[in-house]
Amino acid sequence: MLPRDKLVLEFWDRKNELSIKNREYAQFANHLMEILFNQDINKGDITSNSLIKNKEITAAVVAKEEGIVAGLEEFYLINKDLKLKFLKKDGNKIKCGDILIEISGNADKILERERISLNLLQRMSGIATNVNKLNKKLNDKIKLAATRKTLWGLLDKKAVSIGGGLTHRLNLNDGIIIKDNHLKILNNDFESIINSIKDKSKYIEMEVENKNQAFDAARIITEIKKDKKLKNSLFAIMFDKIPPNEIKEIINDLKDKKLYDNILFEASGNINGNNLTDYTDCGVDVISMGSITNSAKILNMSLEIR
C-alpha cells in the first residue's frame with residue numbers, strides 16, 4: 001500500500017495527461033482554439049487587412065502584473081507558424097514588465113490572433129496564480145483540487161495543475177463519484193449502490209451530507225475493501241457543505257471505530273478564499289473549490305509591437 005500522500009495524488013491528480021504531447025489533450029486544445037478562431041476571426045480581420053499588406057513585424061507578450069505564467073504550450077499551438085522565442089516556462093513566477101514571448105512574422109497573423117492568444121494566456125495564468133496564492137494559505141498542510149465547474153475544460157484543469165493544485169476528474173469516465181442526485185434516485189441504498197459499481201472503476205468516491213451518511217459509507221467501503229479482487233481500488237468520501245468542525249468530529253469518530261485507514265477524504269461545497277484555512281486541520285486530505293475555475297480572475301498581459 002502506498003503512503004497516504006501518494007494515494008491522494010493517484011486519486012485526485014491527472015496532470016501527466018495535460019500536455020500537447022498527449023494526443024487527446026492536444027485534440028481538445030486544438031478543437032477549442034478552432035472554435036475561438038471561428039467566432040473571433042470569422043471571415044478575417046477587416047481592420048488589419050485594410051491597413052496592412054504583407055508586412056513583417058516583431059512583437060512581444062509582456063506581463064502587466066506579477067503572478068504565475070501558464071498557457072505557453074497552448075500559445076504555441078495557436079501561433080506555431082510564426083517565429084516564437086519563449087523567455088519563460090509554464091509555472092515560472094513573473095513580474096510586471098517581464099517579456100514572456102518574442103514573436104516575429106506576418107503582421108496580419110499576429111494582430112488577428114492577438115486577442116485569442118492573450119485571452120488564453122491571461123485566463124490560464126490567472127487560474128494558476130490564484131491557486132498558487134491559495135496553496136500558500138494552506139502551508140502544504142492539505143491539497144487543493146479543481147472541480148468540473150470549468151469554462152475551458154481541460155485547459156482550466158491544466159492551469160490549476162501549473163499553479164500547484166490537483167486536477168480531480170478530467171471527465172465523467174475518469175472515476176466514479178456517487179452524488180446526492182444518484183442517492184435520491186436510488187433511495188439512499190448505499191450498499192447496493194457501491195456493490196453495483198465496485199468493479200467499474202479503480203477510483204470510487206461517495207458524497208455525504210451528514211454524519212450518518214458518512215458512517216454508512218465508511219462501513220460499506222471497509223467491508224468491500226476486504227474483497228481481494230478490489231485490493232487495488234481506491235475509495236474516498238466527499239463531505240459536501242459540512243462545516244469543518246463537524247468534519248473533524250466525524251473523522252475522529254471514524255478513527256475510533258477503525259473506519260479511517262482504508263478511505264481518503266475530501267471537503268467540498270461553500271469553500272472559498274475567505275474560509276479556506278478553516279478546513280486545514282479538520283482531517284481531510286483534499287479541499288475542492290469550484291471558484292478557482294468558474295470565477296477566475298485574469299492575469300493582465302499585453303501584446304506590444306517592437
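**Notes on the model**

1. Helix 6 is followed by Asn139, whose phi is positive, near 55 degrees; helices (H or I, at least four residues) and strands (E, at least two) are DSSP runs, numbered from the N terminus. The model is a predicted one, in which local features need pLDDT of at least 70 and side-chain atom pairs count only at pLDDT 80 or more, while totals for chains, interfaces and linings use all residues. Residues are numbered from 1 along each chain as its sequence is written, and side-chain values use heavy atoms, with hydrogens and water left out.

2. Helix 6 covers residues 114-138, and at 1.5 Å a residue its 25 residues should span 36 Å, which agrees with the 36 Å between its end C-alpha atoms; the expected span is 1.5 Å times one less than the number of residues. Buried here means under 20% relative accessible area, with exposed being over 50% and partly exposed in between (1.4 Å probe, protein chains only).

3. Four strands form an open sheet with antiparallel pairing, in the order 3-5-1-12; two strands pair if DSSP finds at least two bridges between them. Strand 3 (83-86) and strand 12 stand at the edges with a single partner strand each, so one side of each is left without a neighbour in the sheet. From one strand to the next the twist averages 20 degrees, where axes are lines fitted to C-alpha atoms, for helices over the stretch in contact, and angles run from 0 to 180 degrees between N-to-C directions.

4. Helix 4 (residues 72-79) packs on this sheet and touches strand 1, strand 3 and strand 5, its direction making about 170 degrees with that of strand 3; contact means heavy atoms within 4.5 Å. Helix 6 also packs on the sheet, touching strand 1, strand 5 and strand 12, and its direction makes about 145 degrees with that of strand 12.

5. Val62 stands opposite Ile99 in strand 5 and has Ser302 as its bridge partner in strand 12, whereas Ala59 stands opposite Ile305 in strand 12.

6. A further open sheet is formed by six strands in the order 6-11-10-9-8-7, and the pairing is parallel. Strand 6 (143-145) and strand 7 (176-178) stand at its edges, each with a single partner strand, so one side of each is left without a neighbour in the sheet. Neighbouring strands of this sheet are turned by 25 degrees against each other on average, direction ignored.

7. Helix 1 (residues 4-12) lies across strand 6, strand 8, strand 9, strand 10 (264-268) and strand 11 (286-288), and runs at about 55 degrees to strand 10. Helix 10 (residues 211-224) lies across strand 8 and strand 9, running at about 180 degrees to strand 9. Strand 8 (residues 203-208) and strand 9 (residues 234-240) run parallel and are joined by six bridges.

8. Tyr203 has its place in strand 8 and stands opposite Leu234 in strand 9. At 17% relative accessibility, Tyr203 counts as buried. Not counting residues up to four places away in sequence, Tyr203 touches Glu10, Phe11, Arg14, Asp174, Gly175, Ile176 and Leu234; Tyr203 and Phe11 are 192 residues apart in sequence, yet 6.5 Å apart in space, C-alpha to C-alpha.

9. The axes of helix 2 (residues 23-40) and helix 6 come within 10 Å and cross at roughly 140 degrees. Helix 2 and helix 6 are therefore oblique to each other, given that angles under 35 degrees count as roughly parallel, over 145 as roughly antiparallel, 65 to 115 as roughly perpendicular and the rest as oblique. At this crossing, Met33, Leu36, Phe37 and Asp40 in helix 2 meet Arg115, Ile116 and Leu120 in helix 6.

10. Nine of the nine residues of helix 7 (residues 154-162) are buried, so helix 7 is largely enclosed by the rest of the structure. These buried residues pack against helix 2, strand 2 (67-68), helix 4, helix 6 and helix 12 (291-294). Helix 7 is followed by Gly164, whose phi is positive, near 105 degrees.
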